[in-house]
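The following exercises are to be worked with the sequence and the coordinates at hand. Each task is followed by a solution in steps.

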Amino acid sequence: MMAVLPQQLVLGLLIGGLYGLAAAGLSLVFGVLKVLNVAHGELIMLGGYGAFWLFALSGVDPFASLVFVIPAMIVLGSVLYWSLFGWIVRYHEETRIKNSLLIGFGLALALHALAVRLWTADERSITTSYAGAVVEIAGITIPLVRLASLVLAFALIGGLHLLLARWRWGRAIRAAADDWEAALMTGIDVRRAYLLAFALGTGLAGAAGVLVSVGYSISPSIGLEWTLKALIVIVLAGLGSMFGTFAGGLVLGIAEAVSATVFGGPYREVVGLVIFFVVLVARPQGLFAK
Amino acid sequence: MTAARWAAGLVVLALLAVVPLVVKRDDILNFLVLTLLTITLAQSWNIVGGYAGQVNLGHAAFFGLGALVTRTLWIAGTPVLAAMIAGAAVAVAFALAVGGAAFRLRGAYFAIGTLALGEILRITVNNTLPEISTLPMTTIATYRLATRYWLALGLAALAVIAVAWLAGSRLGLGLQAIREDEEAAESTGVGVLRLKLLALVLSTALAGLAGGAFAYYHISYYPSHPFGPHWTFDAVLVTFIGGVGTLHGPILGAVFYVLLKEYLAIRWVDFHLLIFGALFIAIVLLLPGGLVEAGATLRRLVRRS
């Protein structure tokens with residue numbers, strides 16, 4: 001058992017980066033709009049199929065397809081905000097979260113059904129010419145594609161951090177997250193900040209989906225699993241810091257790897273959910289606080 | 001008025017009870033069994049989700065537990081009704097074990113917390129019982145669809161009566177007070193946690209019974225199948241589309257849902273979820289009362305003109 005642990009830990013760390021990226025988008029949307037979009041996993045799934053389509057139809061390299069998928073998902077996010085989530089931001093917080101959950105739930109079902117229509121229910125992954133490349137360090141095998149995904153995930157989180165810290169609208173987004181009424185009074189267009197945050201969150205979901213489709217596999221029904229992963233990471237990491245979210249993703253990846261080694265592979269998923277439920281119940285009020 | 005309603009309900013029940021004697025087509029009976037099970041499951045969800053306003057996204061766990069226990073006991077030789085009651089008891093025991101913790105969560109947090117609970121159970125069952133469960137040949141030889149139909153009808157009637165009683169009871173009023181404003185209810189002397197737990201017991205007992213009926217009805221399935229989140233999602237969709245927190249909503253929603261699902265499944269698998277997902281969003285945004293409210297509005301308009 002101990003012999004496989006280092007290998008499992010490395011693989012856990014590699015997928016943990018994607019958990020962090022998946023959670024970053026959801027955390028941004030939840031932290032800023034106080035809207036819980038449970039269709040986030042389905043948006044990740046759509047991003048993955050975007051890369052799959054680009055690769056299968058025009059041979060675009062999956063990593064290069066980020067350049068197309070992220071803008072397309074940002075547009076989709078804007079459309080979703082205008083048509084759905086923008087309607088409920090006028091409610092006070094509790095009603096807003098509950099209604100957003102219901103809307104996200106309906107959206108998740110619809111997107112899942114749509115994906116089955118478009119791409120069938122089969123599991124797919126993108127197999128590039130370099131898909132099998134690995135490096136070996138001290139007996140530990142590291143798949144290069146997954147390593148590249150981890151680095152890219154970290155770079156995207158860093159980019160988001162810079163965007164929120166330096167960009168004029170990034171600061172507006174943070175102001176709207178802290179106190180929307182005060183932000184409104186200082187002349188910030190809060191609705192536009194909301195729109196931007198939601199669009200950026202959707203773009204991040206798309207990026208996560210692309211990386212999932214190249215290192216792992218996608219199918220129309222991965223949405224719920226990824227939504228849960230993102231929620232677990234947010235519970236672990238709290239809101240407010242994108243690097244904290246990334247670290248939370250790594251922690252989840254490692255926790256899964258350890259539990260898979262100790263209890264056996266099939267219980268990989270259970271440990272995160274148990275942590276999630278316990279933390280949620282232990283800190284019911286202060287949970288998503290900063 | 002109420003007496004007339006009870007009488008109308010009894011007439012409908014009597015008419016439905018003679019259906020297997022008249023209709024010999026298995027596809028129609030299967031469709032009706034499915035509709036009746038959906039009514040039971042949606043109505044059971046409606047108690048906690050509709051009347052108490054707590055969106056439970058882990059409802060499948062209780063349906064699944066009922067199915068698992070009933071199937072195991074029944075195949076081992078226990079009479080099916082006794083097995084179903086045992087299944088419901090296990091579902092309720094699990095509800096009481098986790099209810100106190102889960103109800104510390106409010107609103108959307110309760111929803112995602114229960115979603116996690118349901119998934120924990122599903123994955124665990126999937127890991128421990130990976131083999132498909134098929135009825136023994138001797139049972140299949142004596143399998144009669146009509147028996148399953150009457151069982152499902154009895155359960156659906158039980159669920160509807162339970163909710164009809166609940167709606168007018170002190171418990172039901174307390175639950176609705178909690179739904180509208182938990183703090184206000186608490187401060188006027190409503191025992192919030194106790195009432196929520198009572199609602200959960202009623203809800204999960206019915207869900208466990210529905211799971212038991214499923215285990216008795218279905219010839220062959222994976223033990224983790226009744227734990228699948230789609231059972232919860234079906235109940236949520238049906239209740240909201242019909243009219244959440246109403247007696248007629250889940251019935252209306254279930255008939256509409258199963259009808260469209262079966263009709264569309266002939267040509268497109270799962271396509272109904274695209275329509276129902278969109279319809280669900282539209283109802284949440286524009287018509288929170290669902291079909292029941294739409295019907296009432298329509299009647300008012302007709303009467304006025």
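**Exercise 1. The contact between the chains**

How many residues of chain A are in contact with residues of chain B, and how many of chain B with chain A? Identify the helices of chain A that take part.

Solution. The model is a predicted one.
- Step 1: count the contacting residues on either side. Chain A contributes 34 residues and chain B contributes 32.
- Step 2: assign the residues of chain A to helices. At least two residues each come from helix H4 (93-119), helix H9 (223-237) and helix H11 (268-282) of chain A. The most is given by H4(A), with 17 residues.
- Step 3: sort the side of chain A that touches chain B by class. It comprises 27 nonpolar, 3 polar and 4 charged residues.

**Exercise 2. The fold of chain A**

Solution. 
- Step 1: The C-alpha trace of chain A spans about 60 × 45 × 35 Å along its principal axes.
- Step 2: examine burial and contacts. Of the 290 residues in chain A, 53% are buried. Among contacts in chain A with a separation of 6 or more, 77% are between residues 24 or more positions apart.

**Exercise 3. A helix pair in chain B**

Are helices H3(B) and H8(B) roughly parallel or roughly antiparallel to each other?

Solution. 
- Step 1: Helix H3 (residues 26-51) and helix H8 (residues 145-168) of chain B pack at an angle of about 25 degrees, and their axes are 9 Å apart.
- Step 2: apply the cut-off. Angles under 35 degrees count as roughly parallel; H3(B) and H8(B) are therefore roughly parallel to each other.
- Step 3: state the handedness. The crossing in which H3(B) passes H8(B) is left-handed.
- Step 4: classify the residues. The contact of H3(B) with H8(B) has 18 nonpolar, 4 polar and 2 charged residues.

**Exercise 4. A loop glycine**

Is Gly77(B) buried or exposed?

Solution. 
- Step 1: locate the residue. Gly77(B) lies in the loop between helix H4 (60-75) and helix H5 (80-102) of chain B.
- Step 2: count its neighbours. Gly77(B) has 7 other C-beta atoms within 10 Å. A residue with 12 or fewer is exposed, so Gly77(B) is exposed.

Notes. Residues numbered from 1 in each chain as written. Chains lettered and ligands numbered in written order. Predicted model: local features only at pLDDT ≥ 70, side-chain atom pairs only at ≥ 80, totals over all residues. Buried ≥ 20, exposed ≤ 12 C-beta atoms within 10 Å, placed from the backbone. Contact = placed C-beta atoms within 7 Å. Axes fitted to C-alpha atoms, helices over the stretch in contact; angles between N-to-C directions. Helix = DSSP H or I, 4+ residues; strand = E, 2+ residues; numbered from the N terminus. Parallel < 35°, antiparallel > 145°, perpendicular 65-115°, else oblique. Left-handed = near helix turned anticlockwise from the far one by under 90°. Nonpolar A, V, L, I, M, F, W, Y, C, P; charged D, E, K, R; others polar.
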